[in-house]
Amino acid sequence: MEETHSNQTTPPPATNIFFLSNYLKNLSKTPQRLRKRVLATWTPEQELNQMRLRSGADMKRKLTWYDLIALGVGGMLGVGVFVTTGPVAKDKSGPAVLVSYIIAGISALFSSLCYTEFSIQIPVAGGAFSYLRVTFGEFVGYIAGANILMEYVLSNAAVARSFTEYLCTTFGQEDPNAWRIEVHGLMKGYNMLDFPAVVLIVLLTLCLCRSTKESSMLNIIMTIFHLVFFGFIIIAGICYGNTDNLIQPEGLAPYGVKGVIDGAAIVYFSYIGYDSVSTMAEEIRNPSKSLPLGIVGSVLIVSVIYCLMALSLCMMVPYNKISSNASFSIAFQNIGWKWASNIVGAGASLGIVASLLVAMLGQARYLCVIGRARLVPSWFAKVHPTTGTPQNATIFLGFCQASIALFTELSIVLEMISIGTLLVFYLVANALIYHRYAIKINNPPIYTIIFLILLSAASIGFSISWKFTHLQRWGLPTFGVCVIAITAIFQYLIPSGDSHDRTNFEWQVPFMPWPAALSIFLNVFLMATLKKLSYERFGVWTCLITLFYLLYGVHSTYQAEEMGTEGDDGGDTAVHFPNSNGEQPKLDIQVLQ
């Protein structure tokens, strides 16, 4: 009996050899599988229904429009003002950091319009990953999803470290590194261990695993208190600051127009929060009405607050005396309000917690939906049946960002963050134009593809001309006119279908293709301002995720979609999901809970 039991529970000795042999056999089929899967798309209906079955349980629909606005405002405010404003004002834009925020805000507004239309048509938790997958295919969606995940993890780690700096000022510590532990044996930039940041990430991870609605209520409470602190800073800075600081010592824009634009590319990192709002689509009671209010409304509110906060900081302290760490708290110390610096430190810490909470909500839902697509192991796609939250994805990503926050300095990751965000927003704008003109109303796709290529090329030409002084005289007007002319000709020649299917989708981006075209132009332009190191780090990450796709993702999705089996579960469980052509009948599971 004991021998029989042993034979049943112990895998045969040849199991590992068989697995390796089977895997090598699959690798030999990579070219054929790439041809099948790289451009494979799902319809919006399949994303809404069959794909969601793979998580086991549905996420619970408990959020309303005011939850979304609070999540968007809370998610963006702590990041932008308290992490990027000081360094950008000091080293890039000077007092014109206000203008940098305006430029970045306009670009974010156009991008948010693109996200809004997609999120209404495809109200799933995958955000940009899902929008691009149904439009351009699996590989483009995967590259976008993996890059936005990298952005989330890095930015969350940076924000968590900033929390420690402001917490120090709350308790009267003038040294931002007072609560960090220096380890002399580690490389500079990685030698200041930040345990408070790790504790914060762990606590928020546990909170998010429990309930999305409870996390939203916590965010609302923190955001209300946060806005009170903002009001105090804005009023105090404008009333007690000095307007002379806006023009002294070297004028409003001491680094020139180029510095203002370079600053805009970095502060664009501040707007990543509205993307988190779009990932809440499966947990909203009325997506078609709540999403436009939540996404666009939060971007507009935050843009106004960013500008006022940047103005108050530059009025309190000359730009060349602004601290790169805990900028606002130290600014109050410089005007003799040490007691106020403690209050600001507390408010900033609270705001940073709120922004981190929202970002961690969004990142887990991205990974969950990528897991549903079987581009990563299906373990990440599981939704807990009781809490209705993607616990596995939440815990895994919490561990990753806690590890980075423990070691890595803010300055190392800050510029790396914006390039991935800009790329994803650029791709979403392209996808909206293609989806609206080539898919929904069946215009010949070649016309839309040619327009997108020409628009991107003209935008790149304008951006290159901007960087090189000897090209500006003829390059800027030539490529600028090209961007406008190409868009106007496309609008005139190709039907837009603005009123097409309006009964099904209650909200669409108006004045198409102009908002999406301007989003493409601005995102390309802002990407061109980033440093070479940003592109090098981005290139390394893209190579790594492409290698993972070739070694794992394409084979896993091929088994799940083309062969009808789940590779992650050992390959012995038959499932009835649609293939890339969508031949299976739709299963409607959109039940409001």
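**Buried charges, a nonpolar core and the helices around them**

R436 is buried, with a relative accessible area of 0%, where buried means under 20%, exposed means over 50% and partly exposed is in between (1.4 Å probe, protein chains only). The model is a predicted one, in which local features need pLDDT of at least 70 and side-chain atom pairs count only at pLDDT 80 or more, while totals for chains, interfaces and linings use all residues. Residues are numbered from 1 along each chain as its sequence is written, and side-chain values use heavy atoms, with hydrogens and water left out.

The side chain of R436 pairs up with that of E117 in a salt bridge, at 2.7 Å from N to O; the term covers a side-chain nitrogen of Lys or Arg within 4 Å of a carboxyl oxygen of Asp or Glu. This pair ties together distant parts of the chain, with R436 in helix α18 and E117 in helix α7 (residues 97–121), 319 residues apart. Helices here are DSSP runs of H or I with at least four residues, strands are runs of E with at least two, and both are numbered from the N terminus. E117 is buried too, with a relative accessible area of 0%.

A search of the whole structure turns up four salt bridges. Another of them joins the side chains of R37 and E138, at 2.8 Å from N to O. Here again distant parts of the chain are linked: R37 belongs to helix α3 (residues 30–37) and E138 to helix α9 (residues 138–170), 101 residues apart. R37 is buried at a relative accessible area of 0%, and E138 is buried at 1%.

What about E536 and K532? Their side chains also meet in a salt bridge, at 3.9 Å from N to O. Both residues lie in helix α22 (residues 532–562), four residues apart, or about one turn of the helix. E536 counts as partly exposed, at 39% relative accessibility, whereas K532 counts as exposed, at 65%.

Back in helix α18 (residues 410–439), there is also H435. H435 is buried, with a relative accessible area of 5%. Leaving out residues up to four places away in sequence, H435 touches F118, Q121, T135 and K440, a contact being heavy atoms within 4.5 Å.

The largest nonpolar core holds 156 residues, and Y115, Y274 and I433 touch the most other members. Such a core is a set of buried Ala, Val, Leu, Ile, Met, Phe, Trp, Tyr and Cys residues joined through side-chain atoms within 4.5 Å. Helix α16 (residues 338–372) gives the most to this core, with 17 residues. Y115 has contacts with A128, Y131, Y274, D275, S278, Y366, V424, F425 and V428, again not counting residues up to four places away in sequence.

On the scale of the protein, the secondary structure comes to 22 helices and two strands. Of the 593 residues, 60% are buried. Among contacts with a separation of 6 or more, 82% are between residues 24 or more positions apart. The protein exposes about 23700 Å², and carbon and sulfur atoms supply 67% of that area, as worked out by the Shrake-Rupley method with a 1.4 Å probe.

Helix α19 (residues 445–467) has 23 residues and reaches 33 Å from its first C-alpha to its last, close to the 33 Å expected at 1.5 Å a residue; the expected span is 1.5 Å times one less than the number of residues. Buried residues of α19 include T448, F451, L452, L455, G461, F462 and W466.

D194 sits in the loop between β2 (192–193) and α10 (195–210). D194 is buried, with a relative accessible area of 0%. D194 and T164 are 30 residues apart in sequence, and their C-alpha atoms are 7.5 Å apart in space. With residues up to four places away in sequence set aside, D194 touches R161, T164, R180, A405 and L406.

As for cysteines, the count of disulfides comes to zero, going by a pair of cysteine sulfur atoms within 2.5 Å. C239 counts as exposed, at 55% relative accessibility, whereas C314 is buried, with a relative accessible area of 1%.
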